[in-house]
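The sequence and the structure are shown first.

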Amino acid sequence: MTESVPFVCDTGNMLVNNFTLDTSDLNNEDKLTKETRDAIQYLIRDLFVNLKKGDEDGPIIDLPAATTILPREKRPPAPRAPTRWEEYAKKKGIKKRHKMQREYDEDLGKWVPTYGKIKNEIDRNKNWMYEVKENYVPKVEGGDPFLDEQMNKKDRVEKQKQRELRNRKREVAIRKKASGLGETIGKLNTSS
């Protein structure tokens with residue numbers, strides 16, 4: 001290997017650069033093969049500087065931190081558009097609070113989860129009876145408070161799905177507007 005060829009080696013990325021390579025020699029296969037061989041030898045010699053003691057599988061090489069910043073294949077993702085709730089919370093100054101994962105239940109005398117499957121089972125067992133007021137009217141004929149609670153939960157879940165869908169549509173519209181894609185598509189549609 002010729003020592004006069006100056007290589008810049010980034011061992012962390014296993015990358016070797018030769019900035020003095022003449023571009024007119026790129027069509028010469030023998031010259032390129034020689035340069036490649038020299039670069040690989042230089043990289044291997046640089047790798048073995050970081051050689052650690054091996055085990056039964058062979059030597060272990062500890063790679064240093066990379067010094068070359070490599071470009072991304074794709075551009076970084078655009079920041080996510082805030083949901084309506086996030087905008088409202090920012091406007092009103094509402095901050096997210098940490099919710100405890102467990103709370104002490106006085107009736108059971110133990111710590112129970114604040115949400116989830118186990119919490120639902122405990123609530124179902126604990127609330128086996130509802131107090132019904134005199135003016136109670138079931139939502140459906142022959143209904144009861146338990147059935148009404150199930151129907152209310154289905155309504156809440158459906159409403160939440162609608163909100164999520166509306167937020168997704170809004171975010172797509174904001175992204176199109178930000179990227180200028182909407183204007184371009186509009187121009188293409190009118191020109192044809």
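## The S3–S4 hairpin

Strands S3 and S4 form a hairpin in which 2 residues lie between them. The model is a predicted one. S3 covers residues 51-55 and S4 covers residues 58-61; the two strands run antiparallel and are joined by 3 bridges. Within this pair, Asp55 stands opposite Gly58 in S4.

## The S5–S6 hairpin

A hairpin is also formed by S5 and S6, with 4 residues between the strands. Its turn contains Gly109, whose phi is positive, at about 75 degrees. The pairing of S5 (residues 102-105) with S6 (residues 110-113) is antiparallel and extends over 4 bridges.

## Secondary structure and overall form

The protein chain contains 5 helices and 6 strands. Along the sequence these elements follow the pattern β-β-α-β-β-α-β-β-α-α-α.

How does the radius of gyration of the protein chain stand against that of a compact globule of 192 residues? The protein chain has 33 Å, whereas such a globule would have a value near 16 Å. Taken along the principal axes, the box filled by the C-alpha atoms is roughly 100 × 65 × 35 Å.

## Burial, contacts and surface

Of the 192 residues in the protein chain, 12% are buried. Among contacts with a separation of 6 or more, 38% are between residues 24 or more positions apart.

The protein chain exposes about 17100 Å², and carbon and sulfur atoms supply 54% of this area.

Pro6 is placed in the segment before S1. Leaving aside residues up to four places away in sequence, Pro6 touches Asn17, Asn18 and Thr20. Is Pro6 buried, partly exposed or exposed? Its relative accessible area is 44%, so Pro6 is partly exposed, since buried means under 20% and exposed means over 50%. Gln150 is 144 residues from Pro6 along the chain, and the C-alpha atoms of these two residues are separated by 75 Å.

Met14 lies in the loop that runs between strand S1 (8-10) and strand S2 (15-17). The phi of Met14 is near 55 degrees, a positive value in a residue other than glycine. Met14 counts as partly exposed because its relative accessibility is 47%.

## Asn152 in helix H4

Helix H4 spans residues 145-179 and includes Asn152. At a relative accessibility of 25%, Asn152 counts as partly exposed. Where does Asn152 stand relative to Lys139? The two residues are 13 residues apart in sequence, and their C-alpha atoms are 9.8 Å apart in space.

Notes: Residues numbered from 1 in each chain as written. Predicted model: local features only at pLDDT ≥ 70, side-chain atom pairs only at ≥ 80, totals over all residues. Heavy atoms only, no water. Rg over C-alpha atoms; globule rule 2.2 N^0.38 Å. Buried < 20%, exposed > 50% of the residue type's maximum accessible area, 1.4 Å probe, protein only. Contact = heavy atoms within 4.5 Å. Areas by Shrake-Rupley, 256 points an atom, 1.4 Å probe, with all protein chains shown as cover. Pairing = 2+ DSSP bridges.
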